[in-house]
Amino acid sequence: MSVEREYHKSAGVFSGRVIASRAVPESKEYLEGTVYSIRVEEAVDGELPDTVEVFSENTSGRFPMDVGTRYLLFVYKQLGRTMVDNCGNSGPVSSTAEVLKAVRRLTRESGRHG
């Protein structure tokens with residue numbers, strides 16, 4: 001998916017550091033997975049709290065993250081949870097510098113804000 005397409009369909013784009021993770025069991029509405037707590041360092045697009053909880057289901061669609069690592073994340077809402085598309089442009093900040101530049105440019109051009 002192009003950066004521009006994912007940007008326009010996302011609920012928010014931000015960079016932040018994973019500060020905690022916890023396993024979440026399967027329930028009536030959800031598959032089992034992991035909830036990551038991420039301290040927002042730069043809200044590139046969207047109104048975001050200081051800390052965002054991102055759910056990653058334990059399927060082939062999961063987006064695993066490591067505590068202590070900084071990520072650039074395109075997030076969306078599904079079933080009341082904030083999630084990341086593992087086929088999108090999210091990833092460790094160390095390998096997404098060009099994507100971050102593109103998102104900052106799109107934000108300036110669109111008049112959207114973080």
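Predicted model: local features only at pLDDT ≥ 70, side-chain atom pairs only at ≥ 80, totals over all residues.
Colleague: Which pattern does the chain follow along the sequence?
Modeller: Helices (H or I, at least four residues) and strands (E, at least two) are DSSP runs, numbered from the N terminus. The chain has two helices and six strands. Read in sequence order, the pattern is α-β-β-β-β-β-β-α.

Colleague: What share of the residues is buried?
Modeller: Buried means under 20% relative accessible area, exposed over 50% and partly exposed in between, with a 1.4 Å probe and protein chains only. Of the 114 residues of the chain, the buried share is 41%.

Colleague: Where on helix α2 do its buried residues lie?
Modeller: Helix α2 covers residues 97–110, and its buried residues are Val 99, Leu 100, Ala 102, Val 103, Leu 106 and Thr 107. Seen down the axis of α2, they fall within an arc of 160° (taken from the directions from the helix axis to the C-beta atoms), so they line one face of the helix.

Colleague: Which exposed residues are on the face of α2 turned away from its buried side?
Modeller: The buried residues of α2 pack against α1, β1, β2 and β4, where contact means heavy atoms within 4.5 Å. The face turned away from them carries Glu 98, Arg 108 and Glu 109.

Colleague: Which residue of β3 is the bridge partner of Tyr 36?
Modeller: Two strands pair if DSSP finds at least two bridges between them. Strands β2 (residues 33–45) and β3 (residues 51–57) pair in the antiparallel sense over seven bridges. Within β3, the partner of Tyr 36 is Val 54.

Colleague: What phi does Gly 46 take in the hairpin of β2 and β3?
Modeller: That hairpin has five residues between the strands. The phi of Gly 46 is positive, near 105°.

Colleague: Is Leu 79 buried or exposed?
Modeller: Leu 79 is found in the loop between β4 (70–78) and β5 (81–84). Its phi is near 50°, a positive value in a residue other than glycine. Most residues other than glycine have a negative phi. With a relative accessible area of 60%, Leu 79 is exposed.

Note on methods: Residues numbered from 1 in each chain as written. Heavy atoms only, no water. Expected span 1.5 Å × (residues − 1).
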